[in-house]
Amino acid sequence: MAQLTTRSTCPYCGVGCGVLVEHDGARILGVRGDPAHPANHGRLCTKGANLHLAAAAPGRLLHPERRAERGRPGERLGWGAALDHAAERFAAVIRAHGPDAVGFYLSGQLLTEDYYVFNKLARGLVGTNNVDTNSRLCMSSAAAGYKLTLGADAPPCAYEDVDQAGCLFIAGANPAYAHPVLYRRIEAARRANPRLRVVVVDPRTTDTAREADLHLAIAPGSDVALFNAMLHVMLREGRIDADYIAAHTEGFDALRPALAACSPEHTAAYCGVPAEDIVAAARWFAEGPALSLYCQGLNQSCHGTDKNAALINLHLATGWIGRPGAGPFSLTGQPNAMGGREVGAMANLLSAHRDLADPGDRAEVARLWGVEGVPARAGRTAVELFEAARRGEVRALWIACTNPAHSLPDQQAVREALAACEFVVLQDIYPDTETAAWADLILPAAAWGEKDGTVTNSERRISRQRAAIAPPGEARADWAIAVDFARRLGARLGRDAQRLFPYASPEAIWNEHRETTRGRDLDITGLSYATLEEAGPQQWPLPEGASAGRTRLYADGVFPTPGGRARFQLADHLPTAEATSPRYPLRLSTGRLRDHWHSLACTGRVARLCNHVEEPVVSLHPADLARHGLAAGGLARVRSRRGELVLRAEPSEDVAPGQAWIPMHWGSASLAGLGVNALTLSALDPVSKQPELKHAAVAVEPAALAHQLVLYRRGDAELAARLRPRLARFDHASLGLYGRDRPVVVLRAAHGRPIPDAWLAELDREAGLDDPLACLSYRDASQNVSKRARLEAGRIVGVRLAGETAAQNWLKELVAGGAEVDALRPWLLAPLAAPPSGSASRGRIVCNCLNVSEAEITARIAAGADLAGLQAALKCGTECGSCVPEIKRMQAERVTVQPEASLGWKDVGAASAAIGWSAWASRPKPLR
């Protein structure tokens, strides 16, 4: 078949990169960056560059399924029967308990058209404001901060401001990992302008912080104190723009007295940074042009709105807003969190940035929709919605394209909420996410590459996301599922849903949505599908009659507030919701990794995206590791007041003493345990209702789990799904992938007691390691050691080691590489930390694009190679560039990673005395 190309956008972070999808009409074959898209100009990060592999991953949900028992295989239904069943259950709850007894929980990964239908379904048909989105977990404090200070939830900046800034002030964000393509632009801006200064505010020394001119490693939660101290310096040194303040703002005189006590000398003590660094940051910001870039470090806090407002105060005080290279720029975490806010698909919003609390706004939306009214009672936000389900107040939940049984804080409480809810519908693309285990009805949705509609990125730029291929099986577009359900539900409630939901295409939904924006701050009445086809992605506002969208907002100094002025906000420094104590002495933070996204539902199915970090670890300062009796690479039990988790411990000087850091991506679908959100708490910001996911008080202690197991299997794409239900039986376990073109399923486990033979037999059976004709085996019952290896055509394709795992690293690489192993056959099950051939383990993969390992890079660095030399010799960092900051760090630290030397007989004998070397040496030969 001929190869075709379809223009679309990446479905991961909020940078909103354009992609060219290569396909044959039936399969997605590859992805390239779109050179014509203004968000990325052809660049992609490692996640975006591997979208075609995520699209081809096995295990899709193909047909509706009703479950008589949660967590068990269900009954296949047709769409009509499935949606009739859902409509009956929802209608029964509404009739018996009222409209507020149901709720809808949506996702920043939905398209704008999907969002619009769900919003109208909840408010216009059902009559409830219980519709919220996982954007509540990442962007609601940013939205609240913009609205409180500037009058509207509208990022005023554009990506091109990075190129024109004099000071980049990056607070609570790590774009080198979370927004890599934007970080490439920052790198280019620094090369073009050596005078550009970069300040990073982050408790942890991230790759972004490491490359900054000034890193303010503040104590967790002290952002407001820092920003107030910077404003104090600006006032003290006359570095404010008094004319701008007088002409375009209000509230500054009320703020001024409170700043008197916020000197950098006073603030330094509890921020944990030198006073002179606070002064330097304030001066650089004031000199400008100052562009602030911020993300979850500010937002995921019980004081997130205050943090956002205090930062925006700096822009208003200096006049660095509405000008090239300047402004407060919130970096969106999801591909269409902005679109969801635009259509009002959050519990406190209405369409086109209208306010639910405003009777006039409610009446206007009712008129636009042709309904009697929009409910006035405030809807429940994300955490509140599940708390209400736990109390029995919300009895039916519709969850679309998100995974709350992984991503919400205090996971034990979330599981209790899902268990208590009478009827749970999950609309998703995979049947094995954490949330799927709690669903009564699962509906198959179209995925990226199969969907058609629009998305809005961080800079207010609207792009078309286009379908390249048809959805598999019976999967349907999200908007189409919602429309069909709405019509069936309306019939049961005696309402004319056919009139409310007449849509036959996403374009019809778009046209209605854009009409709701007429005269609003985000007016897009001039933006049609045809315009997007002809002119490409556009920024809003773009009202009818305009020739193009607006690059940046507030250039005229007029703001969408009642008085037309921006508003200074008095924000006091307040402590984190949970204090440390002798019992819980460490301050835990969470965050993203470079090559993964959210809950691994997509990136976790692509082996090469798992190579950089193969399993989650808890990172601790080396002094804390020693203080708590932990060994590097050893297992640690991490406890909070809500739950616990067992992970490997990693020493890291990137983490300050008294702090801990765990990546957010792993949950109960890939771990024995509920993931890091078993530890986090559900304390909410009083304005934004965003939970404090960035801070919890924890304790760590060694986890004495002496009985270890590893299993590797290549060539069985469905094995991970079969192993997943067995994770919870172990005291510690992680499940993932490794390799490139032929993924290897990787199971690592540890247990406090000898692993039962029956468990091993189950694993062997599932992994095809039970065939005596194809497998080598070794067993020493006295030492609880049991090993198996499967060979096919002289190549090792599977291994299971239990009780002794010294060979796990080089065996993993042999399985992944598919190398012939006849020469190594006598040693495949030996207790060798390295193969007897003398070759070294490649170690962790740093450059996923070109499969370049840490060992290869460090060997070249030790030989004197600089970045250019590394790129010339190894090609690392020459594709997407996501690994370049890490390579620079390795050079700066002159990391020396000693390759694993081949162990001789005497070395192995000495090292293996405790694991039964004599039994091994006297084994029967050949092994069968």
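Trainee: Which residues of α19 meet which residues of α21?

Mentor: Phe386, Ala389 and Arg390 in α19 meet Ala413, Val414, Glu416, Ala417, Leu418 and Ala420 in α21. A contact here means heavy atoms within 4.5 Å. This is a predicted model, in which local features need pLDDT of at least 70 and side-chain atom pairs count only at pLDDT 80 or more, whereas totals for chains, interfaces and linings use all residues. Residues are numbered from 1 along each chain as its sequence is written, and side-chain values use heavy atoms, with hydrogens and water left out.

Trainee: Why are α19 and α21 called oblique to each other?

Mentor: Helix α19 (residues 382–390) and helix α21 (residues 411–420) pack at an angle of about 55 degrees, with their axes 7 Å apart. Axes are lines fitted to C-alpha atoms, for helices over the stretch in contact, and angles run from 0 to 180 degrees between N-to-C directions. Angles under 35 degrees count as roughly parallel, over 145 as roughly antiparallel, 65 to 115 as roughly perpendicular and the rest as oblique. The two helices, α19 and α21, are therefore oblique. Helices are DSSP runs of H or I with at least four residues, and strands are runs of E with at least two, numbered from the N terminus.

Trainee: How many disulfides does the structure hold?

Mentor: The structure holds 0 disulfides, a disulfide being a pair of cysteine sulfur atoms within 2.5 Å. For cysteine 167, the nearest cysteine sulfur, that of cysteine 157, is 13 Å away.

Trainee: Why does cysteine 167 count as buried?

Mentor: Buried means under 20% relative accessible area, exposed over 50%, and partly exposed in between, with a 1.4 Å probe and protein chains only. Cysteine 167 has 1% relative accessibility and so counts as buried. Cysteine 847 is also buried, with a relative accessible area of 2%.

Trainee: What makes β1 and β3 edge strands?

Mentor: The open sheet of 3 strands has the order β1-β2-β3, with antiparallel pairing. β1 (4–9) and β3 (28–33) each have a single partner strand, so one side of each is left without a neighbour in the sheet. Two strands pair if DSSP finds at least two bridges between them; β1 and strand β2 (residues 18–23) pair over 6 bridges.
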